[in-house]
Amino acid sequence: MGVEGCTKCIKYLLFVFNFVFWLAGGIILGVALWLRHDSQTTNILYLHLGDKQAPNTFYIGIYILIAVGAVMMFVGFLGCYGAIQESQCLLGTFFTCLVILFACEVAAGIWGFVNKDLVAKDVKQFYDQALQQALQQDQSDSDATNAKTVVKTFHETLDCCGANTIMAIGTAVIRNDLCPKEQTLVETVVQGHLPQDCHKKIDELFSEKLYLIGVAAIVVAVIMIFEMILSMILCCGIRNSTVY
């Protein structure tokens, strides 16, 4: 005997929420893949300075997002099927998966909030080291050539020059070949386009992407709370309907 009345409404409401949850998982998976292959982050995080590779903390977070998106799509399908079939076993499994996912999301959110500046800080340190080598070493030296390539990639990708405003202007004067457009300081002033510092650009690059991830996580968390409540109500309704 199937559920009736309000419980039947909850059944279809849960199906709709699960479908939205499945779509959210697909969106998160798509956004994570986009972040993984975004030209700005890829150009920077694939760089090597001698034997040292650019910090990959950001990519670790992206791989976690890809896994979360895939699991969400599976759990969403499980919830949809369990609701339509009115299966207590599937709904119980679905609820357990939701609790685990929610706990993981809260833990990841706390870790991300505590370490939100770590990614940008590591990338800025990597950039500073490359800029120092490019400015100080002999231009014929292979390490200096490698450092110049790293710095030029940063500058051209982010449209910046120098670690801060003063250094940006100084780099444009002393080593304008490192700036994205090899112009003299007089030319840049005349055109009204002073070089921007790269530290600020790096902060903007990662803060925008972390903000996007944070908004998606909050939306998913709200959906998960509603789904946990509805799945338990439906599970109890199915149990009561079998009794009568």
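Let's start with a pair of side chains: K124 and D203 meet in a salt bridge, 3.1 Å from N to O. By salt bridge I mean a side-chain nitrogen of Lys or Arg within 4 Å of a carboxyl oxygen of Asp or Glu. K124 lies in helix α5 (residues 118–136) and D203 in helix α9, so this pair ties together parts that are 79 residues apart in sequence. K124 counts as buried, at 18% relative accessibility, while D203, at 32%, counts as partly exposed. For those words, buried is under 20% relative accessible area, exposed is over 50%, and partly exposed is in between, with a 1.4 Å probe and protein chains only.

Before I go on, a word on what you are looking at. This is a predicted model, where local features need pLDDT of at least 70 and side-chain atom pairs count only at pLDDT 80 or more, while totals for chains, interfaces and linings use all residues. Residues are numbered from 1 along each chain as its sequence is written, and side-chain values use heavy atoms, with hydrogens and water left out.

Now the overall picture. The chain has 9 helices and 2 strands, and from the N terminus its elements run α-α-β-β-α-α-α-α-α-α-α. Helices (H or I, at least four residues) and strands (E, at least two) are DSSP runs, numbered from the N terminus. Of the 244 residues, 39% count as buried. The accessible surface comes to about 13200 Å², and carbon and sulfur atoms own 67% of that; the areas are from the Shrake-Rupley method with a 1.4 Å probe, and for residues only the protein chains shown count as cover. If you take the contacts in the chain with a separation of 6 or more, 76% of them are between residues 24 or more positions apart. Contact here means heavy atoms within 4.5 Å.

Back to the charges. How many salt bridges does the structure hold? The count is 3. Another joins K11 and E86, with the closest N and O atoms 2.9 Å apart. Since K11 lies in helix α1 (residues 6–37) and E86 in the loop between α3 (57–85) and α4, that pair ties together parts 75 residues apart in sequence. K11 counts as buried at 8% relative accessibility, and E86 counts as buried too, at 17%. Do look at the backbone of E86 while you are there: its phi is positive, about 55°, although E86 is not a glycine.

Then there is K152 with E156, where the closest N and O atoms are 3.6 Å apart. Both of these residues lie in helix α6 (residues 142–158), 4 residues apart, or about one turn of the helix. An α-helix has 3.6 residues a turn, so residues three or four places apart point the same way. K152 is buried at 15% relative accessible area, whereas E156 is partly exposed at 49%. In the loop between α6 and α7 (165–174) sits D159, another residue other than glycine with a positive phi, near 55°. D159 counts as partly exposed, at 33% relative accessibility.

Which charged residue is buried yet has no salt bridge? That would be D197, whose nearest side chain of opposite charge, K200, is 5.8 Å away. For charge, Lys and Arg count as positive and Asp and Glu as negative, with His and the chain ends not counted. D197 is found in the loop between α8 (185–190) and α9 (198–243). Its side chain does have a polar atom 2.9 Å from the backbone nitrogen of K200.

Let's finish with some helices. The 32 residues of α1 should span 46 Å at 1.5 Å a residue, and the end C-alpha atoms are 46 Å apart, which agrees. The expected span is 1.5 Å times one less than the number of residues. Buried residues in α1 include I10, L14, F21 and I28. Helix α4 (residues 88–114) has 27 residues and reaches 39 Å from its first C-alpha to its last, close to the 39 Å expected. In α4, the buried residues include L91, F94, L98 and L101.

One last stop is S231, in helix α9. Is S231 buried or exposed? S231 is buried, with a relative accessible area of 0%. Not counting residues up to four places away in sequence, S231 touches L14, F94 and F95.

Notes:
A polar contact is a pair of N or O atoms within 3.5 Å; within protein, one must be able to donate a hydrogen and the other to accept it, and residues adjacent in sequence count only if both atoms are side-chain atoms.
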